[in-house]
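Subject: Structure for you to look at

Hello,

Here is the structure I promised to pass on. Please open it and keep it beside this email as you read.

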Amino acid sequence: MNVQQLKVFLEICRVGTLSAAAERLELKQPTVSFHLRKLEEELGVELFRKQARTLQPTEAAEELLPYARRIVTLMDEARRQMKSRSGRERARLRLGASYTPATYFMPPYLAEFRQLNPNIELQLTVKQAGDTLAMLRGYEIDAAVVSLPDGEEKGLIVVPLIEDELQLVMNPSHPLSTEAELSVDNLTDQTFLLHEPGSTSRRLTEHWAQEIGLTFSSAMELGAIETIKETLRCNDSVAVLPLRSVLRETANGELIRRPLPGYVNRRRICLAYRDEPIYSAPVREFIGYVKGLAEE
């Protein structure tokens, strides 16, 4: 088993055909077929089954996948790190983030990190927290900054950085804007703008509503926090949004925020990275930098 065979295996898993894998790897299709056949012969298992016009991974392939990703990632990291020492190539750091940290927390710190580490090339992928952590576990990124509820994440080290509680947000002309404290009765007939399913804020919003016995009589799902804020400016709906996402608008008086009745904060912006004995130099630098922020 060699790295080239594993790269072929990973690419077929990603694109589903020998021809597409060959094109992405800049190899001829018979070469891709040869590497796959040799890998299957050495491992003694079938890795793909033909289904229609695509190759579907077998259970053995699904089991091999995380190991292959880890091996290829470590080889690529070692190569890049050695080339960075000779000045031929910059070291690379692949980061992931969920939407709230990426938009409202990370930008100034990423800028400072780049100034402190000009020889590290940064790549940032922004997705929902669950998808970001899946990429982290799958060796598609090296570290992540995500909004998470309390709790452990298997195989990962999670370092809470800062609280980012949820609050009720509305237009200044909303009838509830004059209420200093809100009750469940105040909210029963309100139209809620809800973040898309799967997001941390949506899950915690639903948990909060269930705990206080609130049923959303009217609701609209929107995919982005910025869209929700713009919609709030135009109508008399309300939304549950992360505090950090509305600091500027509430400071300017464009929107108003109020504490959620009966809410106990379980949401924090966290650093997450794989629980492993060895990290590349860029990952060590980033972990140390972000942990320093948490200690300030």
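How many helices and how many strands are there in the protein? The count is 12 helices and 12 strands. Bear in mind that this is a predicted model.

**Overall picture**

Start with the whole chain. The protein has 296 residues, and 45% of them are buried. Along the principal axes, the C-alpha atoms fill a box of roughly 70 × 50 × 30 Å. The accessible surface comes to about 15,700 Å². Carbon and sulfur atoms account for 48% of that surface.

Then look at the contacts. Take those between residues at least 6 apart in sequence. Of these, 72% join residues at least 24 apart.

**A nonpolar patch**

Next, turn to the surface. Six names to find there: Met-1, Leu-43, Val-45, Tyr-67, Ile-71 and Met-75. They form a nonpolar patch, with about 540 Å² of accessible area together. Which helix gives the most to this patch? Helix H4, residues 59-85, does, with 3 residues.

Leu-43 belongs to another element, helix H3, which covers residues 29-43. Is Leu-43 buried, partly exposed or exposed? Its relative accessibility is 33%.

**Aromatic rings**

Now the rings. A search of the whole structure finds 6 aromatic pairs. One of them joins Phe-105 and Tyr-109. Their centres are 5.2 Å apart, with 50° between the planes, and the pair is tilted.

Compare Tyr-273 and Tyr-279. Why does this pair count as edge-to-face? The ring planes of Tyr-273 and Tyr-279 stand at 80°. The cut-off for edge-to-face is over 60 degrees, so the pair qualifies. The ring centres are 5.7 Å apart. Both Tyr-273 and Tyr-279 are buried.

There is also an aromatic cluster to pick out. Phe-113, Phe-286 and Tyr-289 make it up.

**A charge over a ring**

Last, go to Tyr-139. What sits over its ring? The charged end of Arg-274 does, 3.9 Å from the ring centre.

Best wishes

Technical notes
Residues are numbered from 1 along each chain as its sequence is written. This is a predicted model: local features need pLDDT of at least 70, side-chain atom pairs count only at pLDDT 80 or more; totals for chains, interfaces and linings use all residues. Side-chain values use heavy atoms; hydrogens and water are left out. Patches are made of residues with over 30% relative accessible area and no salt bridge: like charges are joined within 9 Å, nonpolar side chains (Val, Leu, Ile, Met, Phe, Trp, Tyr) within 5 Å. Accessible areas come from the Shrake-Rupley method with a 1.4 Å probe; for residues, only the protein chains shown count as cover. A salt bridge is a side-chain nitrogen of Lys or Arg within 4 Å of a carboxyl oxygen of Asp or Glu. Helices (H or I, at least four residues) and strands (E, at least two) are DSSP runs, numbered from the N terminus. Buried means under 20% relative accessible area, exposed over 50%, partly exposed in between (1.4 Å probe, protein chains only). Rings of Phe, Tyr and Trp (its six-membered ring) pair if their centres lie within 6.5 Å; planes under 30 degrees apart count as stacked, over 60 as edge-to-face and the rest as tilted. A charge sits over a ring if NZ of Lys or CZ of Arg is within 6 Å of the ring centre and within 35 degrees of the ring normal. Contact means heavy atoms within 4.5 Å.
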